[in-house]
Amino acid sequence: MLKTSITQKIRILFLCLGGLFLLTQTGLAQNKTEEKLELAQEYYKTEEYDKALELYRDLVKQKELINQIHENYLSILLKKELLKEADKYLKKLVKSNSGNSTYQVDYCRVKLIEKDTVHADKYFHAYIKQIVNNTTKLRYTALYCADLGLYNYAEYSYKEGEKISGEMFFYELADLYNKSGKKELMIDEYLKLLTVKPDQLEYVQVALQDRLTSEEEFDLLEPKLLTKVQKNADMTVFNEMIVWYYLQQKKFYGAFIQARALDKRLRLEGYKILEIGRLAKNNQDYKNAQKIFQYLVDRYKEYAVYPVARKFLIETKEEIVKSTYPIDRNQIESLVKDYQQIIKEVGLTAQTGDAMRNMALLQAFYLNQKDSAITELKQIIDNRNIPKSLVSQAKLDLGDIYLLKDEPWEASLLYSQVAKSNRELKIGHEAKLKNAKLYYYTGDFRLAQSQLDVLKLATSRTISNDAMALSLLIADNLNLDTTSLAMEEYAKVDLLVFQGQYDKALKSYDQMLVTFKGHRLTDEILWEKSQLLIKLGKYEEATEPLKEILEFHSYDIWADDANYLLGVIYQDHLKNKEEAMHYFKEHLIKFKGSSYEVDARKRFRQLRGDNINKS
């Protein structure tokens with residue numbers, strides 16, 4: 001009995017020792033496998049593919065590791081063109097993992113590399129039929145195909161899903177077509193989405209804005225949108241889309257036509273149309289802005305939009321008159337009467353204050369009615385209902401008119417008031433700039449420059465740039481001169497220009513070119529002379545100083561401006577196509593990187609007869 005008990009204990013001891021040995025061996029083997037796996041992955045990262053492959057070939061025998069090593073192992077086989085080994089490996093894998101989309105797609109991928117397209121397509125189509133009703137797996141399969149560049153397979157997956165399961169894959173197909181460069185098909189998917197889900201309008205607009213990266217791609221939208229509008233007359237979403245499209249292209253009249261239809265159907269009372277008119281005006285498309293505002297004034301007399309549209313209409317006409325040289329005095333007088341009529345009908349209010357201000361400026365700067373202008377601006381300043389910002393602007397305008405009247409210190413007092421009461425605002429910086437210019441006009445260059453140096457840091461880029469340009473002009477031409485005579489004379493002529501005394505200013509410029517011949521200011525004088533001649537409508541004469549800049553000052557700051565402006569004058573005003581093409585072509589060759597380069601290229605192509613989009 002005792003002997004039997006001892007024997008049993010010995011057996012149990014041996015079993016325990018054996019188990020412990022086996023566990024130890026298993027643990028050692030497991031550790032060894034993990035070390036081998038880590039080493040293989042490290043070799044792969046360092047692109048030591050032969051060493052990695054040797055380890056992967058051993059590791060792949062362990063089924064539980066395949067998921068961890070599959071991507072790297074297959075990648076090495078394909079890199080080293082070991083297609084037979086890859087094919088053999090994947091054949092076994094797809095049989096034992098029929099539900100794993102990654103392995104199924106990779107098998108087809110290898111077959112395609114082997115140029116066995118028929119087999120690959122047949123196998124892939126069969127697999128899609130198995131999973132077509134499992135949309136999660138279908139989406140994963142399509143996405144994996146897309147990541148591998150197998151765009152046709154990804155597309156087939158989504159299309160089969162739509163056909164058989166009835167689920168729509170608008171977003172996924174649009175993403176796929178964008179990735180594969182099929183922009184037209186991408187657009188189609190987004191428009192299909194809007195047909196089903198009009199509430200996705202903003203999403204579609206953002207997506208298209210982001211993904212149509214060239215003018216040519218964006219142009220693909222117009223015919224498709226027009227077709228959708230015609231075929232879906234009951235859906236306003238496509239009218240809204242084409243309005244958005246035209247606004248992106250700055251085709252304001254086209255946007256107006258579509259918005260007009262929307263306005264009638266949705267009873268928007270003209271506000272959508274008004275916004276398009278404002279955008280056209282802000283983008284200096286005054287011709288179309290005038291048409292849009294005129295439409296509102298004619299059709300919406302009984303609506304709240306009418307007085308606003310009427311004011312914008314007059315302002316737009318004013319911009320057209322002021323940008324057409326020579327200025328037509330009769331048209332200016334007509335505009336003043338229009339403003340007077342608005343103020344007579346409505347009175348001076350917060351809404352009509354801008355109209356009175358515009359009227360006063362026209363009277364002062366174009367009709368020489370300075371006293372009337374002063375009276376009107378003072379009415380704005382003294383009216384308690386006028387917003388503070390407009391009051392400050394009226395004070396600046398009043399200062400400008402005192403400068404017109406040769407009363408610089410009255411002007412300076414007003415500028416200083418505005419600067420003091422609007423220290424951190426843009427209008428305050430504008431007032432400081434006007435004061436600095438006043439010191440410049442009166443020959444106090446040091447004081448002017450000290451104020452300009454502060455304004456270089458202004459938050460407004462326009463004010464900062466203007467301050468920097470004038471500061472550089474003063475610095476460049478005072479530091480090189482033993483006297484400030486030339487600079488003083490130039491500043492006086494600048495004041496004449498501000499005061500609208502153009503003929504007198506032209507004579508002074510000509511005198512300066514003789515008196516200060518060869519001075520550093522010469523190219524500045526020639527440039528400003530050309531600007532005055534343009535204002536007077538003397539376009540042929542305006543070309544002469546510009547050509548002189550190109551001939552004698554081709555390396556100075558105004559050379560690229562002069563060359564581009566010559567092209568514009570010959571194209572827009574003198575109607576000389578050959579000369580215009582010559583200067584635009586010269587611009588593209590001699591002034592690469594110029595801020596005018598894009599427009600010069602566009603104008604050259606238009607003159608040459610290229611079929612390009614005209615916004």
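With which residue does Asp 510 form a salt bridge? The partner is Lys 529, and the closest N and O atoms are 2.7 Å apart; a salt bridge is taken as a side-chain nitrogen of Lys or Arg within 4 Å of a carboxyl oxygen of Asp or Glu. This pair links distant parts of the chain, with Asp 510 in helix α28 (residues 502-515) and Lys 529 in helix α29 (residues 522-535), 19 residues apart. Helices are DSSP runs (H or I, at least four residues), numbered from the N terminus.

The model is predicted: local features need pLDDT of at least 70, side-chain atom pairs count only at pLDDT 80 or more, and totals for chains, interfaces and linings use all residues. Residues are numbered from 1 along each chain as its sequence is written, and side-chain values use heavy atoms, with hydrogens and water left out.

Asp 510 is partly exposed at 34% relative accessibility, whereas Lys 529 is buried at 18% (buried, under 20% relative accessible area; exposed, over 50%; partly exposed, in between; 1.4 Å probe, protein chains only).

The structure holds 34 salt bridges. One of them joins Glu 315 to Lys 311, with the closest N and O atoms 3.2 Å apart. Both residues lie in helix α18 (residues 305-322), four residues apart, about one turn of the helix. Glu 315 is buried, with a relative accessible area of 11%, and Lys 311 is buried at 12%.

Lys 405 and Asp 371 also meet in a salt bridge, at 3.2 Å from N to O. Lys 405 lies in the loop between α22 (388-404) and α23 (408-421) and Asp 371 in helix α21 (residues 370-382), so the pair ties together parts 34 residues apart in sequence.

Definitions and conventions: Helices (H or I, at least four residues) and strands (E, at least two) are DSSP runs, numbered from the N terminus.
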